[in-house]
Amino acid sequence: MRLLRIHHVAIIASDYEKSKSFYTEILGLRVLAENYRAERRSYKLDLALPDGGQLELFSFPEPPPRPSRPEAAGLRHLAFVVPNVGEALAELRGRGVVVEEERVDEYTGKRFAFFVDPDGLPLELYEA
């Protein structure tokens with residue numbers, strides 16, 4: 001088997017409209033498609049990532065909360081590459097997003113920082 005890249009990452013939102021606004025207006029992801037699936041009482045929103053991958057945002061009635069942050073078994077966080085972490089953090093702060101302090105990766109020397117989406121999903125900015 002030869003994996004080429006990640007095609008998409010799926011996220012289930014507790015408040016679909018709030019998360020949709022966060023990912024499209026705050027992070028600036030472009031909507032590819034939005035569908036309501038009546039049989040599941042669920043929205044599915046396909047968002048374009050800059051590298052050609054996608055982020056899928058779902059809504060489901062009463063999804064269970066995330067067990068803990070961030071060391072629950074399973075996906076720990078999503079990381080996005082940015083050209084300058086400091087500038088990206090300033091932009092997020094300007095939009096009212098609470099961000100953690102910038103850090104330096106002890107192995108690569110690259111700058112990074114964490115913030116969360118409306119459901120507390122850990123997101124990371126990692127400097128290219």
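Phe 22 is buried, at a relative accessible area of 8%; buried here means under 20%, exposed means over 50%, and partly exposed lies in between, using a 1.4 Å probe and protein chains only. Phe 115 also counts as buried, with 1% relative accessibility. Please keep in mind that this is a predicted model, where local features need pLDDT of at least 70 and side-chain atom pairs count only at pLDDT 80 or more, while totals for chains, interfaces and linings use all residues. Residues are numbered from 1 along each chain as its sequence is written, and side-chain values use heavy atoms, leaving out hydrogens and water.

Let us turn to the rings. A pair of aromatic rings is described by the distance of the centres and the angle of the planes. Rings of Phe, Tyr and Trp (its six-membered ring) pair if their centres lie within 6.5 Å; planes under 30 degrees apart are stacked, those over 60 are edge-to-face, and the rest are tilted. By this rule there are seven aromatic pairs. One of them is stacked: Tyr 16 and Tyr 43, at 4.6 Å centre to centre with 10° between the planes. Tyr 16 belongs to helix α1 (residues 16-26) and Tyr 43 to strand β3 (residues 42-48), so this pair links distant parts of the chain, 27 residues apart. Helices (H or I, at least four residues) and strands (E, at least two) are DSSP runs, numbered from the N terminus. Tyr 16 is buried at 7%, whereas Tyr 43 is partly exposed at 30%. Phe 22 and Phe 115 form a tilted pair, 6.4 Å centre to centre and 45° between the planes. Phe 22 lies in α1 and Phe 115 in β7, so the pair ties together parts 93 residues apart in sequence.

Phe 115 leads us on to the core. A nonpolar core is a set of buried Ala, Val, Leu, Ile, Met, Phe, Trp, Tyr and Cys residues joined through side-chain atoms within 4.5 Å. The largest has 26 residues, of which Tyr 23, Leu 55, Phe 115, Leu 123 and Leu 125 touch the most other members. Among the elements that each supply at least two of its residues are α1, β3, β7 and β8 (122-127).

Finally, the sheet. Four strands form an open sheet in the order β5-β8-β7-β6, with mixed pairing; two strands pair if DSSP finds at least two bridges between them. β5 (78-82) and β6 (103-104) are at the edges, each with a single partner strand, so one side of each lacks a neighbour in the sheet. β6 pairs with β7 (residues 111-116) in the antiparallel sense over two bridges.
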